[in-house]
Each structure stands twice: as structure tokens, then as C-alpha cells.
Amino acid sequence: MKRSLVGSTNVFYSNRHACQTMGMASSHSRVTSHQNVIRSQVTPSFYIMFKIPKHQVAGHQAIDGNLGPLVDDSGRFYKPLQDDERGTTELAFYRSFSSKLPHHIRGFFPVFYGTQLVEASDGSGLRPHLVLQDITSNHLNPSILDVKIGSRTWSPEASEDYIQKALEGDRLTTTVTLGFRISGLQIYESKESGYWKPARKEVKSFSADDVRLVLRKFVSSNLEPEPDCCFASTIYGGCSGILEQLLELKAWFEDQTVYHFHSCSLLLLIDKESVLNGRTVPFVEVKLIDFAHTVEAEGVIDHNFLGGLCSFIKFVSEVLTDSKVSTIQASFN
Ligand SMILES: Nc1ncnc2c1ncn2[C@@H]1O[C@H](COP(=O)(O)OP(=O)(O)OP(=O)(O)O)[C@@H](O)[C@H]1O
Ligand SMILES: O=P(O)(O)O[C@@H]1[C@H](O)[C@H](O)[C@@H](OP(=O)(O)O)[C@H](OP(=O)(O)O)[C@H]1O
């Protein structure tokens, strides 16, 4: 039986500790809610405006009175800790990861600023939230893909009920067949047409061919009728492009025996305008998120994640190769 990451430390102790570390007094919290903005008085003279994230593409959402993440204006993302072991597992991960990972791998994870008591978006009162780097901040029109990696999304330690529920989701999506599934996405096309952000139901029904098409659209200036893949070489290729970053991650996964990342997602973020503006280094980020089911590896490689990652890399490489072939063909015509 694998050991979970959860120690005996009480979550609420950690929140007070984090507030103290951040110079905040949780006992003075007062929160008012107004439409999509939640205004929290953390100390009598220090206000934080909490908002529903504009660029969230998957997961639990803070809309219609549900519990979900919030963001502030200073580039922080507040993820509510779930009451059950998912909350304690994710907190235990964030508390331990920076000392357990090699330096060059830490950049693949959002910066963790501790925890904070924040008025929950479902109106249930103050709740501990993980305070993370908001990866989307500073970007007006980011295109984002959330890709859940692994051909199974449950930990062998999970309850039978959880395994059955997760297995059903895995079988109905490309998780079992491809070793990953797209959980959510938004692709920015232009000022006129805005974003393509398909509904959750449509995303869940994606086939392997749909996944290929999404990966092409992600690096195109147009979505219809045929995506041009004109950003593929800059965004997927290049020495700091997505493929290079995925290969760096893969090299670590071939060796690491620290964690098993069940149900964890790769979040790919790009800003096509940074390419159009001719920035020497376009904005291309690969991050790992969601550690509610991450457990200790106990000396065994995470073959579930590694297999899914290899499969995803193959899909991305094919788009890149095809776009190079098309460019060469076009130059002969
Ligand atoms: N640090 C972050 N910065 C910006 N956006 C984030 C960050 N972490 C998560 N997100 C956004 O929130 C979404 C959901 O994140 P996450 O998977 O952690 O939540 P969850 O509710 O546990 O999801 P699930 O229901 O899949 O378990 C992501 O798809 C992404 O759009
Ligand atoms: O991908 P789908 O089909 O949207 O399914 C969700 C996905 O498996 C999430 O990982 C899971 O949350 P956890 O990882 O937090 O368990 C959520 O469970 P939930 O609805 O019980 O929260 C599922 O509904």
C-alpha cells in the first residue's frame, strides 16, 4: 500500500501560519460579495479583491454559487481546499514539493505562497485556500489547454466507489485509449471572433482525431476551415518551445521515483500575440497542476504518467512535423 503524502499537521494551523508569514491577520477577515467580485478585508487597512478567474478552462468553477478558485489583481490564484482527503493531499504536496524536486524541474509547478483563509465562492464562509501563482496573469488573450495525463486517473489507494467513478470517466474519454485526455481549453482566434471555448460535454466527447485537430488549432491563426498551423514552429518547436519543455519533463519522469501524479494535468499556455509582436522569446508555458491524488512513489517510476506523457508528446510532434512538410510543399508551389 502506498503512503499518502498527508502528515498529521492540521490544515487550520497552516492557514494561521501562512497568514502570519504573509503579514496578514486571519482573525480580522471580513468579506463582502458582489456579483463576480468578492472583497475581503484581511486586515483593517488591507483589502484584496477576489474575482472569478477569466481564463479557467476546466475543474470546479466558482460560478452559480459553486465552490471554485478565485484570483486577485496581484497575480495570485486561490484554490479552495476540499474538505476530504483531496484537500489534505494537495496541501501536503505543495508543502513538500520544492525540497523534493531538482531545481530545473521546479519551474514546471506554480509558485506556492502558502494557504490563506478566504471567503469561499459558494457562500459557505471562510475556507482555507492554496495561494498559488496565477499562471494566466499578465496575459490579455492566452490560449490554454488542460491535458489530464495518464491512462488511469485514480490512485490504487482510492475507495472502490471513487475508482468506479473515475474509471467510467476514463473509459468514456481518450484517457484509456491515448493515455491522456483534454479536460478543457480555450483558443484565442482574433479580436473579431474572440475565443473558441467548447463546453465541457463536447470536450469530454473528443476522439483521437478531435485531439489532433485541437492541437492544430492551438497553433493556428485561423480555426476554420482548415487551421493553418502557422505558429507551430515557434510554439511547439524551437529551443524553448512546448516540445522541448515536454521532453525535459519526460527525461525527469524516466528517472524520478518521488511522486505518482494521478489525475494531474499539464497546463499549456501560449500567447499568440507575443509571436505576432515578434517577441524574441514568445510566451509559451508548460505547468503541472492538480495534485489532489498525488502519492509517494516509494522507489517506483510513475509509468502511468510517463506513458501518457510519451503519447501526448507523439501527438504534438506529429503536428510539428506535418506543419514543416506543408511549409516545404508550399515553397515548391
Ligand atoms: N495556478 C493556476 N493559475 C491559473 N489557472 C489555474 C491554476 N491552477 C489551475 N488553474 C485553472 O483551473 C483549472 C482547474 O484546476 P485544477 O485541476 O487544479 O482544479 P480541480 O477543481 O481540482 O479540477 P478537477 O475537477 O479536474 O480535479 C485549470 O484547468 C486551469 O484553467
Ligand atoms: O473529467 P470529468 O469527467 O469532468 O470528471 C471529473 C474529474 O475526474 C475530476 O478529476 C474529479 O475531481 P477530483 O480530481 O477532485 O476528484 C471530478 O470529481 P468531482 O465531481 O467528484 O469533484 C470529476 O467529476
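**Entry 1: two helices side by side**

I began with helices H9 and H11, whose crossing is left-handed. A crossing gets that name if the near helix is turned anticlockwise from the far one by less than a right angle, and is right-handed if clockwise. Helices (H or I, at least four residues) and strands (E, at least two) are DSSP runs, numbered from the N terminus.

A note on ground rules: this is a predicted model, where local features need pLDDT of at least 70, side-chain atom pairs count only at pLDDT 80 or more, and totals for chains, interfaces and linings use all residues. Residues are numbered from 1 along each chain as its sequence is written, chains are lettered from A and ligands numbered from 1 in the order in which they are written, and side-chain values use heavy atoms, with hydrogens and water left out.

Back to the helices. Two packed helices are described by the angle between their axes and the distance between the axes. For H9 (residues 242-253) and H11, I noted a crossing at roughly 160°, with the axes coming within 10 Å. Axes are lines fitted to C-alpha atoms, for helices over the stretch in contact, and angles run from 0 to 180 degrees between N-to-C directions. H9 and H11 are therefore roughly antiparallel to each other. Angles under 35 degrees count as roughly parallel, over 145 as roughly antiparallel, 65 to 115 as roughly perpendicular and the rest as oblique.

Next I looked up who touches whom (contact means heavy atoms within 4.5 Å). From H9, the residues include Leu-243, Leu-246 and Phe-253, and the H11 residues they meet include Phe-305, Leu-309 and Ile-313. By class, the contact of H9 with H11 has 13 nonpolar, 1 polar and 1 charged residues. Here Ala, Val, Leu, Ile, Met, Phe, Trp, Tyr, Cys and Pro count as nonpolar, Asp, Glu, Lys and Arg as charged, and the others, Gly among them, as polar.

**Entry 2: H11 has another partner**

I then turned to H7 (residues 208-217), which packs with H11 (residues 303-332) at an angle of about 55°, the axes being 10 Å apart. H7 and H11 are therefore oblique to each other. I found the crossing of H7 and H11 to be right-handed. In H7, Ala-208, Val-211, Arg-212, Leu-215 and Arg-216 do the touching, and in H11 they meet Phe-312, Phe-315, Val-316, Glu-318 and Val-319. I sorted the residues of this contact into 7 nonpolar, no polar and 3 charged.

**Entry 3: the sheet**

In what order do the strands of the open sheet run? I wrote down S10-S9-S8-S12-S13, 5 strands with antiparallel pairing. Two strands pair if DSSP finds at least two bridges between them. The edge strands are S10 (194-196) and S13, each pairing on one side only. From one strand to the next, the twist averages 15°. H7 turns up again here: H7 packs on the sheet and touches S8, S9 (180-190) and S10, its direction making about 35° with that of S9.

I checked two pairings. S8 and S12 are antiparallel over 6 bridges, and Asp-146 has Leu-267 in S12 as its bridge partner. S12 and S13 also run antiparallel, joined by 6 bridges, with Ser-265 opposite Ile-289 in S13.

Why is S13 largely enclosed by the rest of the structure? My answer is that 6 of the 6 residues of S13 (residues 284-289) are buried, so the strand is largely enclosed. Buried means under 20% relative accessible area, exposed over 50%, partly exposed in between (1.4 Å probe, protein chains only). On one side I see Val-284, Val-286 and Leu-288, and on the other Glu-285, Lys-287 and Ile-289.

Most residues other than glycine have a negative phi, and most peptide bonds are trans. I looked for exceptions.

- Asn-138 is not a glycine, yet its phi is positive, about 75°; it sits in the loop between S7 (126-133) and S8 (143-149). Is Asn-138 buried or exposed? With 78% relative accessibility, Asn-138 counts as exposed.
- Ser-263 has a positive phi near 60° and lies in the loop between S11 (259-261) and S12 (265-270). At 4% relative accessibility, Ser-263 counts as buried.
- Glu-224 and Pro-225 are joined by a cis peptide bond, with omega about -15°. I located Pro-225 in the loop between H7 and H8 (232-235).
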